[in-house]
Structure formats: C-alpha cells, structure tokens
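Dear colleague,

Please find below the structure that I am handing over to you. My findings come after it.

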Amino acid sequence: MRVVPVPVRQDNYAYLIVDEPSNKAAAVDPFDVPKVQAAADRLGVSIIAAITTHHHNDHSGGNQATAYPNAPIYGGSAQVPALTHLVKDKDEFTIADNIHVKCLATPCHTQDSICYYITDLANTSQAGGVFTGDTLFQGGCGRFFEGTGEEMHAGLSYLGTLPDETVVYNGHEYTGGNIAFGKAVDPSNPGVARLVKLVEENKITTGLSTIGDEKEWNVFMRLGSEAVKNATGVTGVNAIMDRLREMKNSFRG
C-alpha cells in the first residue's frame with residue numbers, strides 16, 4: 001500500500017491510495033482530475049474508485065468528471081456529487097485486491113463528514129492511514145460549519161481510538177497557522193516544538209505525522225490539559241472545544 005498526496009487548488013490535498021500488487025488506485029477528494037490523473041500516469045496506476053470525505057466542492061468537485069464513468073464514488077450523503085455508494089459509520093469496503101477501508105463518521109464540519117481508515121491486507125505489518133478531510137488537521141481541526149463543539153470533540157476522540165501509529169492524511173495544508181495557534185495556547189508543549197521542526201523541514205507535511213503525534217501536539221485533542229483549560233477559561237470539554245474554536249477563528253498570530 002502506498003499513499004501519494006496530490007496538492008490541488010491553493011492548499012487542498014487530493015490523494016492516490018495505491019494497491020501496489022495490482023497497480024490499481026483510489027482517488028481521495030480528486031478536485032482537480034487532470035492533476036490527479038497525471039500523478040496516476042507517473043505512477044503507472046489505474047484509478048478505479050473515488051472516495052469523498054465530505055460534500056464541499058473543493059473536495060467533491062472532481063466527482064462529476066467523465067474520465068471514470070464506471071468508477072464507484074463513495075461518500076457520506078446524497079449531497080456528494082455523482083455518489084454511487086453511500087457509506088455510514090463502520091461500513092467497510094475493499095479497493096482493488098488488498099486495501100481495506102473502514103468508514104468513521106465524524107459529523108461537525110459537515111454532517112456528512114466521513115474519515116476513512118485504510119490498512120493493507122497483504123502487508124499487515126504496515127501502519128494504517130486515515131484520511132480526515134476537514135475534520136482533523138495537523139495541529140488543528142475544521143470549522144464547525146454544520147455542527148457543534150460537542151460533535152467535534154466526539155469526532156476527534158473517535159479518531160483518537162485508532163492505533164497511535166496510524167498515519168494522518170488531511171484535507172488542507174494548514175499546519176503553519178495551526179502551529180502559531182498551538183504555541184499561543186500551549187507554549188511549553190514539547191510536541192508543538194516537534195511540529196514546528198517538521199514544518200520547517202517539509203513543504204508538504206501531510207502523511208508525516210500520526211494519531212499519536214496529534215494527541216501530543218494538537219490542542220483540539222488535548223482539552224483536558226491545564227494549558228488548554230487555562231487558555232479558554234471555561235470548564236467542561238464541550239464548552240472548552242467551542243471556546244477554543246472561537247479563539248482559533250479570530251486568531252491573527
């Protein structure tokens with residue numbers, strides 16, 4: 001199993017999930033189909049499916065391309081363009097011969113947000129990966145466009161139950177801004193310092209961190225820490241999450 005990020009638009013990520021024995025792949029959020037196809041051509045793989053994390057156009061906008069008329073398109077609601085396979089929490093399916101996909105419903109950014117946990121059936125020693133769309137970012141989380149802090153806390157906690165070694169593949173390159181906010185909220189956290197170093201050394205940061213890392217450096221997954229509680233000045237995890245998101249929305253650091 002190989003995951004290849006494909007930067008699209010200004011700061012979005014599409015991905016190719018490659019089943020290496022068969023040279024077949026699924027495209028995740030392929031907004032820019034020509035760019036994703038060019039990446040597939042360079043790899044010598046065939047795109048056989050599309051996976052959509054949520055219905056927003058910058059993620060689902062490539063679904064109606066005519067390049068793959070017979071490819072299944074997976075997503076969490078009928079709002080996903082050209083949807084052929086509606087999925088819900090804990091649904092499972094297979095891409096090509098060996099890529100096992102488990103769906104994790106994480107409603108908040110949108111109510112149809114689905115994260116996809118992948119493992120390689122042919123190589124069980126390889127760490128799994130999770131495509132988090134606009135739910136979980138490196139050092140951050142998505143805005144609550146269709147949900148509440150309670151829902152985001154539930155979604156991030158759900159992702160936190162995945163194995164710590166699970167590699168995180170998110171929907172945007174927002175890491176630099178998330179670092180600045182993380183440093184303002186939790187300045188003495190050594191995990192944040194590690195994330196700073198990662199950004200300094202890599203232009204593309206997606207796929208270079210894990211769920212375990214996020215538990216260490218992501219303030220939105222550390223609601224019980226004294227630093228986060230002190231920064232927000234409220235009590236209760238749901239209220240803390242709401243306040244933390246409000247702070248991030250107005251942060252200009």
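The model is predicted, so local features need pLDDT of at least 70 and side-chain atom pairs count only at pLDDT 80 or more, while totals for chains, interfaces and linings use all residues. Residues are numbered from 1 along each chain as its sequence is written, and side-chain values use heavy atoms, with hydrogens and water left out.

The protein chain contains eight helices and 13 strands; these are DSSP runs, with helices (H or I) of at least four residues and strands (E) of at least two, numbered from the N terminus. Of its 253 residues, 53% are buried (under 20% relative accessible area with a 1.4 Å probe, protein chains only; exposed is over 50%, and partly exposed lies in between).

Ten salt bridges were counted, each being a side-chain nitrogen of Lys or Arg within 4 Å of a carboxyl oxygen of Asp or Glu. One of them joins D213 and R194, whose closest N and O atoms are 3.2 Å apart. Because D213 lies in helix α6 (residues 211-217) and R194 in helix α5 (residues 190-201), this pair ties together parts 19 residues apart in sequence. D213 is buried at 15% relative accessibility, whereas R194 is partly exposed at 38%.

Another salt bridge links R243 and E246, at 3.5 Å between the closest N and O atoms. These residues stand three apart in helix α8 (residues 237-250), about one helical turn.

Yours sincerely
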